[in-house]
Amino acid sequence: MASRLLLRQRVAPVATGAIIAGIALFPKNVHAEAPEASNNAKKPIYDDFEIPAAPTKSLPSSESTSEPTKSTSPTPTDRLAVQIRKTRLFLYNHVAAAENKVNELMDSALHLEDSFTSTVASLAPSPQSGEKLMPGTLYVLVAAMTGSIVSRNRNIVLRGAIPLAVGIGAGWVVLPVTMRNVSDLLWKYEQRFPAIADGHIRTREGVEKAWRMARIHTQQAVNIVDDKVSGGRAVVEDWVKKGK
């Protein structure tokens, strides 16, 4: 009995040291639960028991996440800004239209002034012609007044036509270059109205034809008178010779 107790006392420390050495040399993982393989290999106690699957939470769709847009009505400040903008545009358009109209009127006035000055300058005779306006114009006025004095006792048509005809005739005699320029200017304006231009052409052709026929008849009359004078002179000379 004593030897058995003594053996236990000696063996116990040796066994404890061997266990500690074995744990140190061959370590093992101690799991609180059995591995998955062992769980799958073992047959559960209750075959008909199934673990319910955890419900998966579906992510909310974009339609559900998107919040509905709030329809906000314009504030009084926004409405005032819109009205101010419309008023400014209205005033700007009308001011721009008025400015354009004034510019057009000024352009037309300047164009008329330029046209008038250029027209008056084109009527003046060139310096090479030697024609002077001042004395020639006075002569034309005097001739027109003379025609008015001559026709003062006639009817109203002659009182208006004779001074005009005499003044135009005096102008063609005294100021031929200026009258030619005036005639060209009048013809330019008459071409804008074909009826007036045709009437002017026919009238001028008639006047030219009448003037040509008058010159022809005058020349014929002069020739006849010369022939008669020559014949009379020959007769007188023959009579004088026979009387001697």
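**Contacts along the chain**

I began with contacts in this predicted model. Counting pairs with a separation of 6 or more, I found that 50% of the contacts in the protein join residues 24 or more positions apart.

I then looked up how much of the protein is covered. Of its 244 residues, 7% count as buried. The protein exposes about 22,100 Å², and carbon and sulfur atoms supply 64% of that area.

**Secondary structure**

I listed the elements next. The protein has eight helices and zero strands. Along the sequence I wrote the pattern down as α-α-α-α-α-α-α-α.

**Helix H5**

I checked the length of H5, residues 133-150. Its 18 residues should span 26 Å at 1.5 Å a residue, and the end C-alpha atoms are 26 Å apart, so the two values agree.

Which residues of H5 are buried? I noted Gly136, Val140, Ala143 and Gly147. Seen down the axis of H5, its buried residues fall within an arc of 60°, so they line one face of the helix. I compared this with a rule for helices: an α-helix has 3.6 residues a turn, so residues three or four places apart point the same way.

On the face of H5 turned away from the buried side I found the exposed residues Met134, Val142 and Met145. I also looked up what the buried residues of H5 pack against, and the entry is helix H6, residues 156-174.

**Helix H6**

I repeated the length check on H6. Its 19 residues should span 27 Å at 1.5 Å a residue, and its end C-alpha atoms are 27 Å apart, which agrees.

In H6 I found Pro163, Gly167, Ala170 and Gly171 buried. These residues cover an arc of only 105° around the axis, which puts them on the same side of H6. The face of H6 turned away from its buried side carries Val157, Ala165 and Val173, which are exposed.

What do the buried residues of H6 pack against? I wrote down two helices, H5 and H7.

I picked out one more residue, Gly160, which lies in helix H6. Gly147 is one of the buried residues of H5.

**Helix H7**

H7 covers residues 176-190 and has 15 residues. I found that H7 reaches 21 Å from its first C-alpha to its last, close to the 21 Å expected at 1.5 Å a residue.

The buried residues of H7 are Thr178, Met179, Leu185 and Glu190. They cover an arc of only 140° around the axis, which puts them on the same side of H7.

**Leu123**

I looked up Leu123 and placed it in helix H4, residues 76-123. Which residues does Leu123 touch, leaving out those up to four places away in sequence? I listed Thr178, Asn181, Val182 and Leu185. Thr178 and Leu185 are among the buried residues of H7.

I also took one distance from Leu123. Arg180 is 57 residues from Leu123 in sequence, and their C-alpha atoms are 8.6 Å apart in space.

**Rings**

I finished with the aromatic rings. How many aromatic pairs are there? With ring centres required to lie within 6.5 Å, I counted zero aromatic pairs. I did find a charge over a ring: the charged end of Arg204 sits over the ring of Trp187, 6.0 Å from its centre.

Key. Residues numbered from 1 in each chain as written. Predicted model: local features only at pLDDT ≥ 70, side-chain atom pairs only at ≥ 80, totals over all residues. Heavy atoms only, no water. Helix = DSSP H or I, 4+ residues; strand = E, 2+ residues; numbered from the N terminus. Buried < 20%, exposed > 50% of the residue type's maximum accessible area, 1.4 Å probe, protein only. Contact = heavy atoms within 4.5 Å. Areas by Shrake-Rupley, 256 points an atom, 1.4 Å probe, with all protein chains shown as cover. Expected span 1.5 Å × (residues − 1). Arc of directions from axis to C-beta. Phe/Tyr/Trp six-rings, centres within 6.5 Å; stacked < 30°, edge-to-face > 60°. Lys NZ or Arg CZ within 6 Å of the ring centre and 35° of its normal.
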